[in-house]
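Please keep the sequence and the 3D view side by side while you read.

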Amino acid sequence: MQFADIIFLIIIFVTMIGALVTVLSGSIIYAMIGLVTTMFGIAGIYVYLNAPFLAMMQILIYVGAISILIAFAIMLAGPLYKNPKEWTTITKFIASLVVSVFSFLVFFKVIMHASWMNTKAKEFTVTTKEIGRALFDKLTFPFELISLLIIVSIIGAIMLALLSKGEE
Amino acid sequence: MTATFIYNNLYIYLFVALFLLCCGILGLLYRRSLIGMLISVELIMNGAGLNFVAFNRFVSPDNAYGLSFALFIMGIAAAEAAIALGIIILIFRKFRHIEGQKIKEMKD
């Protein structure tokens with residue numbers, strides 16, 4: 001086992017532990033910290049997939065923006081983290097676990113029985129230049145649609161804030 | 001030499017993404033507050049992005065479409081988080097709680 005393999009297994013272990021903390025922890029603030037841990041782990045996996053630009057975007061957007069937004073929402077929405085009982089009943093938890101394990105088994109069978117074309121990695125690194133060329137050459141229409149979506153979401157968030165201030 | 005590395009295998013990335021998807025489904029089903037459900041949705045979207053990047057690396061390594069769609073997923077997740085958190089704050093101002101089961105009326 002090489003040294004890079006050990007680092008890779010550590011990164012995957014950190015990602016899985018972060019996902020479990022995100023789902024199973026009692027309070028929401030611990031769930032947010034688990035989400036940040038998972039995002040760092042996925043950024044490390046992106047580095048192993050020869051996509052360092054995407055890893056930097058992952059850290060910048062998820063860790064820098066979305067988790068801070070979630071932290072502000074937790075702080076604005078009252079001290080919900082003081083009562084640690086998050087799930088309602090144990091039967092609901094068991095039912096959710098059954099659904100999750102069943103979907104895991106179905107997709108496990110799908111992954112193992114599908115025939116991917118070539119699973120050998122070529123020695124080809126997609127650089128940031130290639131990503132920009134693809135974004136402005138073939139994928140221009142989805143790119144513009146994403147910008148429209150973000151503008152609409154910003155205006156919608158501002159309108160929600162104004163509307164709630166008007167009702168006060 | 002390069003074939004002996006563990007990270008040169010497609011299946012381990014797919015299994016990590018599948019694990020994230022199942023954790024997201026579990027959290028989305030049994031979380032009681034709306035912010036917990038939103039965090040679970042973020043987990044599911046990250047699993048989808050990881051799948052896109054892994055397939056781009058291993059199945060069609062000659063172009064950069066999978067990486068571009070992972071960037072699109074990040075943009076969609078940011079817009080969705082902004083709108084959802086605005087609605088959650090509005091619900092908290094109106095009902096004084098953010099529990100998903102107790103919100104039964106949409107308007108007065």
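This is a predicted model: local features need pLDDT of at least 70, side-chain atom pairs count only at pLDDT 80 or more; totals for chains, interfaces and linings use all residues.

A residue is called buried if 20 or more other C-beta atoms lie within 10 Å of its own, and exposed if 12 or fewer do.

**Helix α3 of chain A**
- In α3(A), the buried residues are Leu54(A), Gln58(A), Tyr62(A), Ile66(A), Ile70(A), Ala73(A) and Ile74(A).
- The cover over these buried residues includes α2 of chain A, and it also includes α2 (34-58) and α3 (65-95) of chain B.
- With 25 residues at 1.5 Å a residue, α3(A) should span 36 Å, and this agrees with its end C-alpha atoms, which are 35 Å apart.

**The contact between the chains**
- Between the two chains, 73 residues of chain A are in contact with 62 residues of chain B.
- On the side of chain A that touches chain B, the elements giving two or more residues are α1 (3-24), α2 (28-48), α3 (52-76), α4, α5 (128-137) and α6 (140-167) of chain A.
- Of these, α4(A) gives the most, with 11 residues.
- By class, the residues on this side of chain A divide into 53 nonpolar, 15 polar and five charged.

**Helix α4 of chain A against helix α1 of chain B**
- Two packed helices are described by the angle between their axes and the distance between the axes.
- Helix α4 (residues 90-113) of chain A packs against helix α1 (residues 10-30) of chain B at an angle of about 155°, and their axes are 9 Å apart.
- Since angles over 145 degrees count as roughly antiparallel, α4(A) and α1(B) are therefore roughly antiparallel to each other.
- Among the residues making the contact are Phe93(A), Leu97(A), Phe104(A) and Phe108(A) of α4(A), together with Leu14(B), Leu18(B), Ile25(B) and Leu29(B) of α1(B).
- Sorted by class, the contact of α4(A) with α1(B) has 15 nonpolar, three polar and one charged residues.

**Leu18 of chain B**
- If its neighbours within four places in sequence are left aside, Leu18(B) is in contact with Phe104(A), Phe107(A), Phe108(A) and Ile111(A).
- Leu18(B) and Phe92(B) are 74 residues apart in sequence, and their C-alpha atoms are 33 Å apart in space.

Conventions:
Residues are numbered from 1 along each chain as its sequence is written. Chains are lettered from A and ligands numbered from 1 in the order in which they are written. Axes are lines fitted to C-alpha atoms, for helices over the stretch in contact, and angles run from 0 to 180 degrees between N-to-C directions. Helices (H or I, at least four residues) and strands (E, at least two) are DSSP runs, numbered from the N terminus. Angles under 35 degrees count as roughly parallel, over 145 as roughly antiparallel, 65 to 115 as roughly perpendicular and the rest as oblique. Two residues are in contact if their C-beta atoms, placed from the backbone, lie within 7 Å. Ala, Val, Leu, Ile, Met, Phe, Trp, Tyr, Cys and Pro count as nonpolar, Asp, Glu, Lys and Arg as charged, and the others, Gly among them, as polar. The expected span of a helix is 1.5 Å times one less than its number of residues.
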